Amino acid sequence: MLAKLYIQNIALIQKAEITFGGGLNVFTGETGAGKTMLISAIDAVLGERVSREVVRAGEEKAIITALFEDPAPQALAVLAEMGLEDEDEGILITREVSAQGKSASKVNGAPATAGLLKQLASHLIQIHGQRESGQLLAPERQLEMIDTFAGHNQLLSDYRQAYDHYREVECQKSELVMDEKQKAQRLDMLSYQINEIDGANLDDPGEEDELTARKKLIGAGEKVIAALSAAYNALNGEEEQDGINALFDTLSAGVSEAAEYIPDFELVSSRLNEMGYELAEFGAQIRDELDAFEFDPRELDQIEYRLDQIHKLKRKYGGSIAEIIAYGEKARQELDALTASEEKLAKLEEELVGALERAQAIGDKLTKSRTQAAGDFLTQVQEELAFLDMPGVKLSARIERKPLSPDGQDELTLYVSTNVGEEPGPLAKIASGGEVSRMMLAMKNVLAEKDGIGTLIFDEVDTGVSGRAAGKIGQKLSQASRGRQVIAVTHLAQVAAFADKHMLIRKEVEDGRTYTKVEELNKTAREAELARINSGDNVTATALENARELIEHAKQLTMNS
């Protein structure tokens with residue numbers, strides 16, 4: 001339940017710390033005192049959109065903090081999905097809104113998005129007011145209530161799994177089915193691309209680099225031959241000039257002869273002999289390279305043609321030979337898939353029929369369950385409405401077949417006849433604001449044990465009613481608060497008389513500024529507030545006595561019901 005609410009700098013509320021209790025918590029106050037802003041603050045802390053206009057004039061930011069104790073298991077599951085654990089105190093939600101309109105939220109100290117807040121809030125609290133009464137008129141909301149009452153969660157889950165599978169197979173079929181002309185064009189294109197890539201015989205990813213290097217070598221062929229010839233002649237000499245090898249032989253022979261007399265030269269002689277062998281090997285390598293270096297000018301033309309072929313393929317299919325090969329493989333796989341698509345399509349059509357039949361079969365069970373639940377639900381709602389001084393109201397549900405959808409194959413509309421002898425019409429067109437408010441309260445009472453929400457908030461659910469009906473609404477709110485927390489904003493003393501905890505919202509002017517204050521009322525102050533509601537600012541002894549009688553009467557009704 002909502003244990004505490006802290007509000008700072010929200011509109012006229014500078015600071016307010018409200019402690020809630022179990023049972024029925026009631027807020028009253030003069031029109032314009034800020035009762036609506038209280039609900040807006042709770043909306044905001046639970047992730048609803050809020051504008052910067054809510055920030056009190058002259059302040060930098062507004063802060064709303066809500067503490068929930070003993071949260072439902074579903075709320076704890078959402079908390080776990082967020083990677084958080086509940087604190088010993090419960091779940092603490094904080095939201096800050098800056099004067100510039102920026103917003104930030106935290107759950108138990110960790111940052112949280114508005115989406116996560118809404119998901120968490122859906123298991124913590126429900127707010128019912130004029131906006132939510134309007135939602136009651138929406139067919140999808142009416143269907144949701146019937147599903148909640150029926151409690152067929154597993155059946156609904158089975159249906160959605162079957163429906164999702166059906167849609168998945170249907171999408172696969174749609175992707176596979178192609179216009180025959182487009183299919184033929186695609187087959188021709190893929191065949192052309194595959195033949196072009198295969199015809200190029202691109203087996204070696206490094207071929208382009210090798211060809212480029214060969215082209216460079218051939219282009220410098222004359223220079224290479226001249227350089228190798230000069231090197232060879234320098235080693236071996238020419239007709240009238242000795243080369244390095246001859247001169248080196250003279251050097252080596254001289255040192256060898258000297259070594260016979262000078263022992264220290266033996267090492268020098270040995271090294272020179274080794275160097276002689278190396279020079280001979282260098283010469284042989286240069287000679288072999290000269291003998292082998294031959295090229296045909298036509299080879300350069302062939303290399304140019306091959307490189308041009310590779311470059312054209314790169315422009316079409318990828319930046320390298322490896323990418324061209326990969327593109328060809330992918331095209332071949334698509335060609336095979338298109339060629340085999342007829343067989344695959346036949347299998348998908350067969351699977352689609354089975355998936356549709358399964359979804360429809362479970363959908364039929366869901367329809368049957370909803371039809372039964374709708375009858376039982378509306379019977380109980382009518383009993384509640386009779387208690388709320390609406391005995392002439394007759395409710396019925398019409399369930400019509402619609403195409404398969406995520407919520408089933410049922411289009412449900414609630415019909416109502418508000419007076420005996422009148423033809424029933426859609427709830428959205430027939431019921432007045434006051435009637436819808438009481439219908440909402442009746443429905444919530446019937447669903448009280450089904451939805452598992454720990455806190456219900458009713459914002460002026462008594463709109464459009466007075467007298468005896470107002471007292472009945474108070475009694476129903478009191479009944480709804482058994483086993484859960486109910487918070488009600490009301491302008492009727494007959495409703496406020498049933499409060500387990502009564503809080504007053506009032507405006508004060510201090511130093512030329514208006515402030516909204518929230519205070520819990522003791523017994524005496526509560527009697528005075530009920531008297532004010534009934535008789536205005538002129539509270540007489542008779543009005544106070546009537547207020548005491550209202551409270552005592554409400555207490556007796558609560559004890560006896």
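1. Helices (H or I, at least four residues) and strands (E, at least two) are DSSP runs, numbered from the N terminus. By these terms, Ile 262 falls in the loop between helix H10 (244-259) and helix H11 (265-292). Residues are numbered from 1 along each chain as its sequence is written, and side-chain values use heavy atoms, with hydrogens and water left out. This is a predicted model: local features need pLDDT of at least 70, side-chain atom pairs count only at pLDDT 80 or more, and totals for chains, interfaces and linings use all residues.

2. Ile 262 also belongs to a nonpolar surface patch, together with Tyr 261, Phe 265 and Val 268. The accessible area of the four together is about 400 Å². Areas come from the Shrake-Rupley method with a 1.4 Å probe, and for residues only the protein chains shown count as cover. Patches are made of residues with over 30% relative accessible area and no salt bridge; like charges are joined within 9 Å, and nonpolar side chains (Val, Leu, Ile, Met, Phe, Trp, Tyr) within 5 Å. At a relative accessible area of 39%, Ile 262 is partly exposed. Here buried means under 20% relative accessible area, exposed over 50%, and partly exposed in between (1.4 Å probe, protein chains only).

3. Strand E1 (residues 2-10) has seven of its nine residues buried, so it is largely enclosed by the rest of the structure. Two strands are taken to pair if DSSP finds at least two bridges between them. E1 pairs with strand E4 (residues 61-68) in the antiparallel sense over six bridges, and Lys 4 has Leu 67 of E4 as its bridge partner. E1 is likewise joined by six bridges to strand E2 (residues 13-19), the two running antiparallel. Leu 5 has Ile 18 as its bridge partner in E2. The hairpin of E1 and E2 has two residues between the strands, and Ala 11 takes a positive phi near 50° there.

4. A further open sheet consists of three strands in the order E9-E10-E11, with antiparallel pairing. Strand E9 (394-405) and strand E11 (425-426) are at the edges with a single partner strand each, so one side of each has no neighbour in the sheet. Strand E10 (residues 408-417) is joined to E11 by two bridges. Val 416 is placed opposite Gly 425 in E11.

5. The whole structure contains 26 salt bridges, each defined as a side-chain nitrogen of Lys or Arg within 4 Å of a carboxyl oxygen of Asp or Glu. In one of them, Asp 147 meets Arg 370, with the closest N and O atoms 2.8 Å apart. This pair links distant parts of the chain: Asp 147 is in helix H5 (residues 139-150) and Arg 370 in helix H14 (residues 341-387), 223 residues apart. Both Asp 147 and Arg 370 are buried.

6. Asp 364 pairs with Arg 401, the closest N and O atoms being 3.3 Å apart. Arg 401 lies in strand E9 and Asp 364 in helix H14, so this contact ties together parts that are 37 residues apart in sequence. Arg 401 counts as exposed at 59% relative accessibility, whereas Asp 364 is partly exposed at 39%.

7. Glu 384 and Lys 476 also meet in a salt bridge through their side chains (2.7 Å, N to O). Glu 384 lies in helix H14 and Lys 476 in helix H17 (residues 467-480), so the pair ties together parts that are 92 residues apart in sequence. Glu 384 is buried at 16% relative accessibility, and Lys 476 is buried at 7%. Elsewhere, a network of salt bridges links Lys 523, Glu 527, Glu 545 and Arg 548.

8. The structure holds four aromatic pairs; rings of Phe, Tyr and Trp (its six-membered ring) pair if their centres lie within 6.5 Å, with planes under 30 degrees apart counted as stacked, over 60 as edge-to-face and the rest as tilted. One of these pairs is Tyr 159 with Tyr 163, stacked at 6.0 Å centre to centre and 20° between the planes. The two tyrosines are four residues apart in helix H6 (residues 153-176), so about one helical turn separates them. Tyr 159 and Tyr 163 are both buried.

9. Two contacts place a charge over a ring, a term that requires NZ of Lys or CZ of Arg within 6 Å of the ring centre and within 35 degrees of the ring normal. The charged end of Arg 398 sits over the ring of Tyr 415, 3.9 Å from its centre. Lys 472 lies over the face of Phe 387, at 4.6 Å from the ring centre.
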